[in-house]
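Please look over the structure below. A short report on selected features comes after it.

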Amino acid sequence: MPAETRIAPGFSDPVFQSQAAFRALLAALSEPGTLQQVASEIAPPEGLAIATATALLTLADYETPVWLPEALRNGPAGAWLRFHCGATLVENPAEAAFAVIDGAADEPRLSTFNLGTDQFPDRSTTVIVQVTSLEGGPAITLAGPGILGSRIIAPRGLRSGFTDELRENGALYPLGVDVLLAHGEGLIGLPRSTQIEEAR
């Protein structure tokens, strides 16, 4: 098989690795702002962080449409997801159950994804935002469910105005997207219930 068409492996122990990853993802969203490590020992395809690839292997399947930036959708990452998850890769962000975006890219905005409905708020998109680091950037203060008092995170590699997008998303609660910041093997969850402001 030519090297360019070879699909990288997924989980070597799907049951154990997906359960461990699911626990980390659950912790990230139930304890917003805490750093969770996802060490699944996979070699992700080009363009996906280990944490992003692991999350998608754990959560996505043939019933969950996935949105990727065009370059990823048409490249090794898209082929990898189709092969391992059977997921449909959609071009319309509003159709996605899960999405991956580059935190530094201007588009798409969080509001272009599925925000859920009054009847089914849980059907909104979960957006994985890939950043250059989960620390060392401008401080953001978090409050709300799962946080005692407040918590500060400082991700690097987010576009200008992204904090405003997160704040606007939170104002829609119980509608709105859930966000996971990803870099390397690390994840930080920012569910729609989290109240966000730039740290003073």
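## Basis

The model is predicted.

## Helices α2 and α4

Helix α2 spans residues 50-59, and helix α4 spans residues 76-85. Their axes come within 10 Å. The crossing angle is roughly 30°. Angles under 35 degrees count as roughly parallel, so α2 and α4 are roughly parallel to each other. The crossing of the two helices is right-handed.

On the α2 side, the contact uses Ala53, Leu56 and Leu57. On the α4 side, Trp80, Leu81, His84 and Cys85 take part. By class, the contact of α2 with α4 has 6 nonpolar residues and 1 polar residue.

## Helices α1 and α2

Helix α2 also meets helix α1, which covers residues 14-30. The axes of α1 and α2 come within 9 Å and cross at roughly 110°. Angles of 65 to 115 degrees count as roughly perpendicular, so α1 is roughly perpendicular to α2.

From α1, the contact residues are Ser18, Ala21, Phe22 and Leu25. They meet Thr54, Ala55, Thr58 and Leu59 of α2. The contact of α1 with α2 divides into 5 nonpolar and 3 polar residues, with no charged ones.

## Cis peptide bonds

Most peptide bonds are trans. The bond from Glu107 to Pro108 is cis, with omega near -5°. Pro108 sits in the loop between β4 and β5. Strand β4 runs over 98-102, and strand β5 over 126-130.

Tyr173 and Pro174 are also joined by a cis peptide bond. Here omega is about 15°. Pro174 belongs to the loop between α5 and β8. Helix α5 takes in 162-171, and strand β8 takes in 178-183.

Is Thr141 buried or exposed? The relative accessible area of Thr141 is 14%. Buried means under 20%, so Thr141 is buried. The residue lies in strand β6, which is made up of residues 140-143.

How far is Thr141 from Val131, taken between C-alpha atoms? The separation is 18 Å. Along the chain, Thr141 and Val131 are 10 residues apart.

Note on methods: Residues are numbered from 1 along each chain as its sequence is written. This is a predicted model: local features need pLDDT of at least 70, side-chain atom pairs count only at pLDDT 80 or more; totals for chains, interfaces and linings use all residues. Side-chain values use heavy atoms; hydrogens and water are left out. Axes are lines fitted to C-alpha atoms, for helices over the stretch in contact, and angles run from 0 to 180 degrees between N-to-C directions. Helices (H or I, at least four residues) and strands (E, at least two) are DSSP runs, numbered from the N terminus. Angles under 35 degrees count as roughly parallel, over 145 as roughly antiparallel, 65 to 115 as roughly perpendicular and the rest as oblique. A crossing is left-handed if the near helix is turned anticlockwise from the far one by less than a right angle, and right-handed if clockwise. Contact means heavy atoms within 4.5 Å. Ala, Val, Leu, Ile, Met, Phe, Trp, Tyr, Cys and Pro count as nonpolar, Asp, Glu, Lys and Arg as charged, and the others, Gly among them, as polar. Buried means under 20% relative accessible area, exposed over 50%, partly exposed in between (1.4 Å probe, protein chains only).
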